[in-house]
Amino acid sequence: MSRLQTRFAELKEQNRAALVTFITAGDPDYASSLEILKGLPDAGADVIELGMPFTDPMADGPAIQLANIRALSNKQDLAKTLQMVREFRQGNQTTPIVLMGYFNPIHKMGVERFIAEAKEAGVDGLIVVDLPPEHNEDLCDPAQAAGIDFIRLTTPTTDDARLPVVLNNSSGFVYYVSVAGVTGAGSATLEHVERAVARLKRHTGLPVAIGFGIRTPEQAAAIARLADGVVVGSALIDHIAKAESTAEAVAGVLGHCRELAEGIRNARA
């Protein structure tokens, strides 16, 4: 089984949801970002989404847009992001890493080269926001052929006619965007999330993770009672934006991660 399959199977046996954390590679700088990345598993992250910095992120709210700007201003690029994964893997062979972002940097590197280097580095999955299933042959198919999961985003506006198309060739888990908006926006009601998870489960056997707008341990715990995974990004990145030093940034992100993890672990007790 892949790392993602193994991790979700383990958590299912433990009767708890996964904490899926998002950070932007290279934010606020390479060394501090790598320190955060390496510290997330011990702070309770079960799966890590690592953002590939891009100049024009269309699904991301202000917090992650600013994280992209900070990373890019420090010369972070896709090659350095893959190097971060390599360095992470030197000390951790079990925590799944999913690269999340947009197709442009991958296209610029070259799909064949990107897939080969991502596989070699230890990447487990991809979330590429701007590649719909009609373009599976551009990245999804060759990535999966290489053993890298391709994770789809579904939204409140993805109806039952469209959903099977969106889930075509999806693997790893399904990421449900719980609000119609950008990252860091308002949060969905629990009733909405419960209905959405039930609907997705009718269409797929993959784990369902909920993201967008989840900020506190209490919110994370509430979602963890309903879904297989809870995705938190902007709330962690806010600590980097507010920090007066890189040490404070690292401590803030990892401290918040521990609080979220505790909430999720106690959610079904």
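**Exercise 1.** Find which residues leucine 139 is in contact with, leaving aside its neighbours within four places in sequence.

*Solution.* Start with the test: contact means heavy atoms within 4.5 Å. Apply it to leucine 139, leaving aside neighbours within four places in sequence: the partners are Phe103, Ile106, Val111, Phe114, Ile115, Leu126, Val128, Leu131 and Phe150.

The model is predicted, and local features need pLDDT of at least 70, side-chain atom pairs count only at pLDDT 80 or more, and totals for chains, interfaces and linings use all residues. Residues are numbered from 1 along each chain as its sequence is written, and side-chain values use heavy atoms, with hydrogens and water left out.

**Exercise 2.** Identify the residues with the most contacts inside the largest nonpolar core.

*Solution.* First, the terms. A nonpolar core is a set of buried Ala, Val, Leu, Ile, Met, Phe, Trp, Tyr and Cys residues joined through side-chain atoms within 4.5 Å. Buried means under 20% relative accessible area, exposed over 50%, and partly exposed in between (1.4 Å probe, protein chains only).

Helices (H or I, at least four residues) and strands (E, at least two) are DSSP runs, numbered from the N terminus. A second, separate core has 20 residues, among them Leu11, Ile64, Val98 and Ala209.

**Exercise 3.** Compare the span of H12 with the expected one, then say what covers its buried residues.

*Solution.* The expected span of a helix is 1.5 Å times one less than its number of residues. H12 has 20 residues, and 28 Å is expected; from first C-alpha to last it reaches 29 Å, close to that value.

The buried residues of H12 include Val250, Leu254, His256 and Leu260. Their cover includes strand E1 (18-24), helix H2 (30-39), H10, strand E9 (229-232) and helix H11 (234-242).

**Exercise 4.** Work out which way the residues of E9 point and which strands pair with E9.

*Solution.* Gly229 and Val231 point one way from E9, Val230 and Val232 the other way, and all are buried. In a regular strand the side chains alternate between the two faces of the sheet.

Two strands pair if DSSP finds at least two bridges between them. E1 and E9 pair in the parallel sense over four bridges, with valine 20 opposite valine 231 in E9. E8 and E9 also run parallel, joined by two bridges, and alanine 209 stands opposite glycine 229 in E9.

**Exercise 5.** Decide whether aspartate 27 is buried or exposed, and find its side-chain polar contact.

*Solution.* Aspartate 27 is in the loop between E1 and H2. Its relative accessible area is 1%, so aspartate 27 is buried.

A polar contact is a pair of N or O atoms within 3.5 Å; within protein, one must be able to donate a hydrogen and the other to accept it, and residues adjacent in sequence count only if both atoms are side-chain atoms. The side chain of aspartate 27 makes such a contact with the side chain of arginine 70 (2.6 Å). Leaving aside neighbours within four places in sequence, aspartate 27 is in contact with residues including Ser33, Ile36, Ala67 and Ile237.
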